[in-house]
Amino acid sequence: QRFSSPASPVVAKAVKAYLDTSVTFGDTTPDSSTVSIENNIYGSLFTASQTGSIQSITAYLEVTNAAKNMKAAIYDASHNLIAQTLEQSVPVATGWVTFNFASPQSVTSGTSYLLTVWSFATSGQAYLYYGSGSADQGHRQGQTYGATYPATLSSVAHDNNQYNIYATYVAQNHNVKAAIYTDSPYTLVAS
């Protein structure tokens, strides 16, 4: 990309480049309906728009009364586990919660994946938010919370819900951006 010149000459002291890694697939807009995910695996099918490495899964959750241990996972469209995230204790609150993978997982452009979240049952509730989706987009399976996700979801029920859950990943073909700043105070000259 060609940079435009500023109106008056300045001395550029720093050129910064960074990778645009804000690629997601899934549902990034909170809805108002909820379902309990305690001892239940819930999620929806979404299609990756680019090939890359998935870093995390984020879900819009509400936790009441007491913090709860949870984790998320990605399955293929045939309900076979690809990987689960690290477990974390989610505090009492409502909002987006991000679950990170121990190591990045590959996703392929045009391929559908099932993004899920699962909670331990304790005092209070853990809710996942959702809105209207397409036919059989929503998936659920009753499952007592444990250390690991099932290798295959064998008792899946479907619904037409699009759960508020999405994956963040680094696309294989990165978009590189650069910016030029003046010396202190740093003022943007061109980008």
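**A chat about the model**

Modeller: Buried means under 20% relative accessible area, exposed over 50%, and partly exposed in between (1.4 Å probe, protein chains only). This is a predicted model, where local features need pLDDT of at least 70, side-chain atom pairs count only at pLDDT 80 or more, and totals for chains, interfaces and linings use all residues. Residues are numbered from 1 along each chain as its sequence is written, and side-chain values use heavy atoms, with hydrogens and water left out.

Colleague: Where does Asn65 sit, and what is its phi?

Modeller: Asn65 is in the loop between S5 and S6, and its phi is near 70°, a positive value in a residue other than glycine. Most residues other than glycine have a negative phi.

Colleague: What about His79, buried or exposed?

Modeller: His79 is buried, at 14% relative accessible area. Its phi is positive too, about 75°, although His79 is not a glycine. You'll find His79 in the loop between S6 and strand S7 (81-84).

Colleague: Back up a bit. How many helices and strands are there?

Modeller: The protein chain has 0 helices and 17 strands. Those are DSSP runs, numbered from the N terminus: helices are H or I, at least four residues, and strands are E, at least two.

Colleague: And how much of the chain is buried?

Modeller: Of its 191 residues, 38% count as buried. Contact means heavy atoms within 4.5 Å. Among contacts between residues at least 6 apart in sequence, 81% join residues at least 24 apart.

Colleague: Which residues touch the most others in the largest nonpolar core?

Modeller: Phe25, Leu61, Ile74 and Leu128 touch the most other members of that 32-residue core. A nonpolar core is a set of buried Ala, Val, Leu, Ile, Met, Phe, Trp, Tyr and Cys residues joined through side-chain atoms within 4.5 Å. S5 gives the most to this core, with 5 residues. Apart from it lies another core, of 9 residues, among them Ile41, Leu114, Tyr145 and Tyr149.

Colleague: What does Leu61 touch?

Modeller: Leaving aside neighbours within four places in sequence, the contacts of Leu61 include Ile37, Met70, Val97, Phe99 and Leu128.

Colleague: Where is Ile37, then?

Modeller: Ile37 is in the loop between strand S3 (33-36) and strand S4 (40-47). Ile37 counts as buried because its relative accessibility is 0%. The C-alpha atoms of Ile37 and Ala126 are separated by 5.8 Å, though the two are 89 residues apart along the chain.

Colleague: New topic: how many aromatic pairs are there?

Modeller: The count comes to 11. Rings of Phe, Tyr and Trp (its six-membered ring) pair if their centres lie within 6.5 Å; planes under 30 degrees apart count as stacked, over 60 as edge-to-face and the rest as tilted. Phe25 and Tyr169 make an edge-to-face pair, 5.4 Å centre to centre with 75° between the planes. Phe25 is in strand S2 (residues 23-26) and Tyr169 in strand S15 (residues 165-171), 144 residues apart.

Colleague: Which residues form the aromatic cluster?

Modeller: Tyr75, Trp118, Phe120, Tyr145 and Tyr149. Tyr149 also has a polar contact, side chain to side chain, with Thr116 (3.2 Å). A polar contact is a pair of N or O atoms within 3.5 Å; within protein, one must be able to donate a hydrogen and the other to accept it, and residues adjacent in sequence count only if both atoms are side-chain atoms.
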